Amino acid sequence: MNRRAFIRASLISSTALAIPAFAQSRATKNVGHVMTVNGFLDASEMGMTLTHEHLFADLRSFEEQRRQTLELDVDEIIEVVLPHLERARSLGCRTLIDCTATHLGRSPALLRRLSAASGLNVLTVTGSYLAANGHFVPDYAKAETVDQLARRWIGEWQGGIEDTGVRPGLIKLGMNGGPLTSLEEKVFRAAVETHRETGLTIGTHIGPWGEPEPGFCGASASQMLAVLEKAQVSPSAWIWFHAQNEKDPSHHVRAAKIGAWVSFDGLSPETLAEHIELVKRLRTHELLNRVLVSHDAGWYTAGEPRGGNFRTFDTVFTEFIPALRTAGFKEDEITQLFVRNPAEAFAIRKRTT
Ligand SMILES: [Zn+2]
């Protein structure tokens with residue numbers, strides 16, 4: 001081993017030594033189970049978890065997707081994606097929630113292969129995505145009733161997605177922000193009904209294309225929380241994804257105070273300082289036990305050469321956790337953010353009030 005190789009090796013091993021504090025921590029027992037692409041997993045076994053990421057996406061409109069199925073080179077997708085998962089695992093990650101919504105390229109069979117190859121636990125979703133100006137809305141979401149949509153999603157929970165046998169671990173929705181449209185409200189009520197029957201957590205993307213005004217995403221969030229209350233479902237059954245899109249932080253505090261999960265995803269080196277501030281604010285309110293942080297990164301995009309530009313899952317490990325330490329966060333608080341909170345947020349439990 002030459003000097004440079006020795007230095008590199010010792011750097012790698014010192015990074016490895018820095019991992020165990022949170023990577024080897026386990027959530028307290030009896031949290032319940034989560035549903036991975038390989039079946040039930042005790043939530044206390046999830047370990048360090050990235051709660052909102054993407055591995056593969058097909059971003060063509062629902063119409064285009066229906067017209068033409070893409071010929072995909074699955075081996076190439078795996079060749080591109082797997083090194084990023086192996087890297088995340090080497091940094092301490094043990095579980096990754098793939099939040100790719102239905103009709104945006106959700107691929108249960110591919111996720112199962114990537115999970116097996118990487119050794120990471122991976123979760124996939126059921127539900128419907130209405131954001132992005134309706135680009136991905138399937139006809140059935142418009143046509144079906146609350147009950148029919150709920151039956152469709154409960155069917156995936158009971159019998160698996162399509163013919164894969166893979167069961168969803170989350171009800172993923174997408175909303176534009178602002179006052180809920182009647183379609184958004186219907187779909188949300190279907191998700192609440194699905195939760196009441198399955199115990200699956202509901203996670204809602206809230207955000208339009210472009211920069212929303214302060215209060216715009218929060219308005220949507222408040223309305224969804226009101227629907228939960230009316231249905232006598234606890235706010236803790238609901239995750240507000242992309243809460244960082246809401247620039248008036250009083251909305252985060254209000255949602256977290258009543259028990260909702262506030263997810264500051266979209267972390268990148270450029271947003272590091274902003275993310276630290278968002279998390280610090282909720283800590284000041286003693287609401288760190290309602291916060292999730294992730295990158296919303298990835299992914300192999302269908303139809304682009306070698307899937308296009310892949311954003312890695314590194315920042316949490318290489319920059320965010322060190323920055324939390326510098327900001328005075330204790331190891332136990334870091335474990336809370338990345339181990340205990342994800343276990344509680346995704347545990348399958350009927351959370352009726
Ligand atoms: Zn996302």
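# A walk through the strands, sheets and core

In strand 2, the residue that bridges to V34 is L41. That pair is a handy place to begin a tour of this predicted model. V34 belongs to strand 1, which covers residues 33-36, and strand 2 covers residues 39-42. The two strands run antiparallel and are paired over 4 bridges, and a hairpin of 2 residues links strand 1 to strand 2. Strands in a sheet pair through backbone hydrogen bonds, in either a parallel or an antiparallel manner.

Stay with strand 1 for a moment, and look at its two sides. In a regular strand, side chains alternate between the two faces of the sheet. Here H33 and M35 lie on one side, with V34 and T36 on the other. Are these residues buried or exposed? All four are buried, so both faces of strand 1 are covered.

Now step back to take in the whole protein chain. It contains 13 helices and 12 strands. Its radius of gyration is 19 Å, close to the 20 Å that the globule rule gives for 353 residues, so the chain is as compact as a globular protein of that length. Along its principal axes, the C-alpha trace spans about 65 × 50 × 40 Å. Buried residues account for 48% of the 353 residues. Among contacts with a separation of 6 or more, 79% are between residues 24 or more positions apart.

Next, find the open sheet of 5 strands, whose order is 7-8-9-10-11 and whose pairing is parallel. Lying across strand 7 and strand 8 is helix 8 (residues 182-198), which runs at about 165° to strand 7.

A second open sheet has 3 strands in the order 3-5-6, again with parallel pairing. Its edge strands are strand 3 (49-53) and strand 6 (121-123), and each pairs on one side only. Neighbouring strands here are turned by 15° against each other on average, direction ignored. Strand 5 (residues 95-98) pairs with strand 6 in the parallel sense over 3 bridges, and T95 stands opposite N121 in strand 6. Helix 13 packs on this sheet and touches strand 3, strand 5 and strand 6, with its direction making about 60° with that of strand 3.

The last stop is the interior. In soluble globular proteins, nonpolar side chains tend to be buried together. The largest nonpolar core in this model has 96 residues, and W240, V262, V293 and F346 touch the most other members. Which helix gives this core its largest share? That is helix 13 (residues 331-346), with 6 residues. To explore from V293, look for the residues it touches beyond four places away in sequence: F264, L267, H275, V279, V316, F320 and L337.

Definitions and conventions
Residues numbered from 1 in each chain as written. Predicted model: local features only at pLDDT ≥ 70, side-chain atom pairs only at ≥ 80, totals over all residues. Pairing = 2+ DSSP bridges. Contact = placed C-beta atoms within 7 Å. Axes fitted to C-alpha atoms, helices over the stretch in contact; angles between N-to-C directions. Rg over C-alpha atoms; globule rule 2.2 N^0.38 Å. Buried ≥ 20, exposed ≤ 12 C-beta atoms within 10 Å, placed from the backbone. Core = buried A, V, L, I, M, F, W, Y, C linked by C-beta atoms within 7 Å.
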